[in-house]
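Biologist: I would like to go through this structure and ask what stands behind each label. Please show it first.

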Amino acid sequence: MIAKEHIDALLRGNGNVLSRDGEKIGGIGQFFLDGDTGEPSWITVKTGLFGLRESFVPLEGAWVQGNDLVVQHGKDEVKDAPLIDPGGHPGPEEEARLYEHYRPERIRTYAEAADGDSDGDAGRPNAHPDADQGTGHPRLRRYSEADKNGADESLTEELRKENSDPQEGV
């Protein structure tokens, strides 16, 4: 598993993303974190002419090898992944398309869980291991400067509220 501590070194190292067979897929792009746990769960890979296209790849089962990152998917599978704009946070429909591409055996998507679809995959062996049981898989957010500094925005906001509460100590 890739830890947050690896991200900065990989981004600075000008490394590549490799398939498990050692084939170069493309350059390291951006990291995306699980919205619930804050752990790295996806990466974008710079592919295409001059690395102008970025394809999402799950980090499940990935490992660091020098300046490179080795993933469990091959070059063709990554190239065929749905095009998702890496400039923001992927929405539920985009996440569902990515999960369907990399894990076609999955049944329940985030959008289905949010709509209250009862066909769910609770207890299914193919469900994402870091999944929130109510949604079927984690929400993604792009790795940012706040993550690099170890700041948790929700915790920071909560502490700010606690420190400014006029009722405290009454």
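Modeller: Two residues are in contact when heavy atoms of theirs lie within 4.5 Å. By that rule, and not counting residues up to four places away in sequence, Q30 touches W42, I43, T44, E54, P86 and R142. Keep in mind that this is a predicted model.

Biologist: What makes the link between the side chains of Q30 and E54 a polar contact?

Modeller: A polar contact needs a pair of N or O atoms within 3.5 Å, one able to donate a hydrogen and the other able to accept it. The side chains of Q30 and E54 are joined at 3.4 Å, so the pair falls within the cut-off of 3.5 Å. Q30, which sits in strand 2, also reaches the backbone oxygen of P86 with its side chain, again at 3.4 Å.

Biologist: Why is D34 called buried?

Modeller: Buried means under 20% relative accessible area. D34 has 1%, so D34 counts as buried. D34 lies in strand 2, and a polar atom of its side chain lies 2.6 Å from the backbone nitrogen of D36. The side chain of D34 also reaches the backbone nitrogen of T37, at 2.9 Å.

Biologist: Why is G66 called exposed?

Modeller: The word exposed is kept for values over 50%. The relative accessible area of G66 is 66%, so G66 passes that cut-off. G66 is found in the loop between strand 5 (63-65) and strand 6 (68-70). From C-alpha to C-alpha, G66 and A9 are 9.8 Å apart in space, while 57 residues separate them in sequence.

Biologist: How much of the chain is buried?

Modeller: Of the 170 residues in the protein chain, 41% are buried. The accessible surface of the chain comes to about 9500 Å², and carbon and sulfur atoms hold 46% of that surface.

Biologist: Which secondary structure elements does the chain have, and in what order?

Modeller: There are six helices and seven strands. Along the sequence they follow the pattern α-β-β-β-β-β-β-α-α-α-β-α-α. As for contacts between residues at least 6 apart in sequence, 53% of them join residues at least 24 apart.

Biologist: What makes a group of residues a nonpolar core?

Modeller: The members must be buried, come from a set list of residue types such as Leu, Ile, Phe and Trp, and be joined through side-chain atoms within 4.5 Å. The largest such core here has 26 residues, and F31, W42, I43 and L69 have the most contacts inside it. Helix 1 (4-12), strand 2 (24-34), strand 3 (40-47), strand 4 (53-58) and helix 3 (92-102) each supply at least two of its residues. Strand 2 gives the largest share, five residues. In soluble globular proteins, nonpolar side chains tend to be buried together.

Biologist: Which residues does F31 contact?

Modeller: Leaving aside neighbours within four places in sequence, the contacts of F31 include I2, I7, L10, L11, W42, I43, L59 and L69. R141, R142 and Y143 are also among them.

Biologist: How do you know that the buried residues of helix 3 are on the same side?

Modeller: The buried residues there are P92, E95, A96, L98, Y99 and Y102. They cover an arc of only 165 degrees around the axis, so they lie on the same side of helix 3.

Biologist: How many aromatic pairs are there, and why is the pair of W42 and Y99 called edge-to-face?

Modeller: The structure holds three aromatic pairs. Rings pair if their centres lie within 6.5 Å, and planes over 60 degrees apart count as edge-to-face. The centres of W42 and Y99 are 5.3 Å apart and their planes meet at 80 degrees, so the pair is edge-to-face. W42 is in strand 3 and Y99 in helix 3, 57 residues apart. W42 counts as buried at 1% relative accessibility, and Y99 at 2%.

Biologist: What makes W42 and Y102 an edge-to-face pair?

Modeller: Their ring centres are 5.8 Å apart and their planes are at 65 degrees, so this pair is edge-to-face as well. W42 lies in strand 3 and Y102 in helix 3, so the pair ties together parts that are 60 residues apart in sequence. At 7% relative accessibility, Y102 counts as buried. Ring pairs link W42, Y99 and Y102 into a cluster.

Notes: Residues are numbered from 1 along each chain as its sequence is written. This is a predicted model: local features need pLDDT of at least 70, side-chain atom pairs count only at pLDDT 80 or more; totals for chains, interfaces and linings use all residues. Side-chain values use heavy atoms; hydrogens and water are left out. Buried means under 20% relative accessible area, exposed over 50%, partly exposed in between (1.4 Å probe, protein chains only). Helices (H or I, at least four residues) and strands (E, at least two) are DSSP runs, numbered from the N terminus. Accessible areas come from the Shrake-Rupley method with a 1.4 Å probe; for residues, only the protein chains shown count as cover. The arc is that of the directions from the helix axis to the C-beta atoms. Rings of Phe, Tyr and Trp (its six-membered ring) pair if their centres lie within 6.5 Å; planes under 30 degrees apart count as stacked, over 60 as edge-to-face and the rest as tilted.
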